[in-house]
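Here is my note on the model you sent.

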Amino acid sequence: MKKPMKKTTFGASVLCAALFLGFAVLPSTIAADDAAPAGDTATAAAPDPRLVARGKRLYVFCQACHATEEVQGSKIGPNLAGIMDRQVAILEDTLYSDALKQQDFVWDEEKMDIWLLRPATLVPGTSMGFVGLPREENRAAIIAYLKTL
């Protein structure tokens, strides 16, 4: 008779653990449902802080030519504060190549990834001397950082 007691005790323990874990997760699930209605694309997940930090470290190679603070004018290249979701070649008091001025797109993750891979692929004739970043993880890190500006 001790065997059925052990099986019952084991089963009860598993059930209690499952209920405990379920109730522990439930409040955060409800809060998440209240905060982000279904189909709301404006509530994207926060970027991975480690990825952003890596992007900021990699950005050191960009800062010689590009500012990140919202200031009037620019360095050699355009100011990158607010670059994501911004129309290409739109800043006043900024020198853009004729090739870039002729473009009509908004900077998003896809366009920025192509640009960082090899600028001349996205905009043939660009004056940007940067040859590109071959490693996808480096491009993803810089994009994550740019999204925070």
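Is His66 buried or exposed?

1. The model is predicted. In it, His66 is buried, because its relative accessible area of 12% falls under the 20% cut-off. His66 belongs to the loop between α2 and α3.

2. The surroundings of His66 deserve a look on screen. Leaving aside residues up to four places away in sequence, His66 touches Tyr59, Lys75, Gly77, Pro78, Leu80 and Met128. With Pro78 there is a polar approach as well: a polar atom of the His66 side chain lies 2.7 Å from the Pro78 backbone oxygen.

3. Tyr59, one of the residues that His66 touches, is itself buried, at 3% relative accessibility. Its partner in an aromatic pair, Tyr145, is also buried, at 9% relative accessibility.

4. How is the pair of Tyr59 and Tyr145 arranged? A pair of aromatic rings is described by the distance of the centres and the angle of the planes. Here the ring centres are 5.3 Å apart and the planes stand at 55°, so the pair counts as tilted. Tyr59 lies in the loop between α2 (49-58) and α3 (98-101), whereas Tyr145 sits in helix α6 (residues 136-146), so the pair ties together parts that are 86 residues apart in sequence.

5. The whole structure holds 3 aromatic pairs. Phe105 is buried, with a relative accessible area of 9%, and Trp107 is buried at 6%.

6. Phe105 and Trp107 form one aromatic cluster together with Trp115. Phe105 also has a charged neighbour: the charged end of Lys111 sits over the Phe105 ring, 5.2 Å from the ring centre.

7. As for the overall fold, the protein has 6 helices and 0 strands, giving the pattern α-α-α-α-α-α along the sequence.

8. Finally, the surface. Of the 149 residues in the protein, 27% are buried. The accessible surface comes to about 10600 Å², and carbon and sulfur atoms account for 62% of that area.

Terms used:
Residues are numbered from 1 along each chain as its sequence is written. This is a predicted model: local features need pLDDT of at least 70, side-chain atom pairs count only at pLDDT 80 or more; totals for chains, interfaces and linings use all residues. Side-chain values use heavy atoms; hydrogens and water are left out. Helices (H or I, at least four residues) and strands (E, at least two) are DSSP runs, numbered from the N terminus. Buried means under 20% relative accessible area, exposed over 50%, partly exposed in between (1.4 Å probe, protein chains only). Accessible areas come from the Shrake-Rupley method with a 1.4 Å probe; for residues, only the protein chains shown count as cover. Rings of Phe, Tyr and Trp (its six-membered ring) pair if their centres lie within 6.5 Å; planes under 30 degrees apart count as stacked, over 60 as edge-to-face and the rest as tilted. A charge sits over a ring if NZ of Lys or CZ of Arg is within 6 Å of the ring centre and within 35 degrees of the ring normal. A polar contact is a pair of N or O atoms within 3.5 Å; within protein, one must be able to donate a hydrogen and the other to accept it, and residues adjacent in sequence count only if both atoms are side-chain atoms. Contact means heavy atoms within 4.5 Å.
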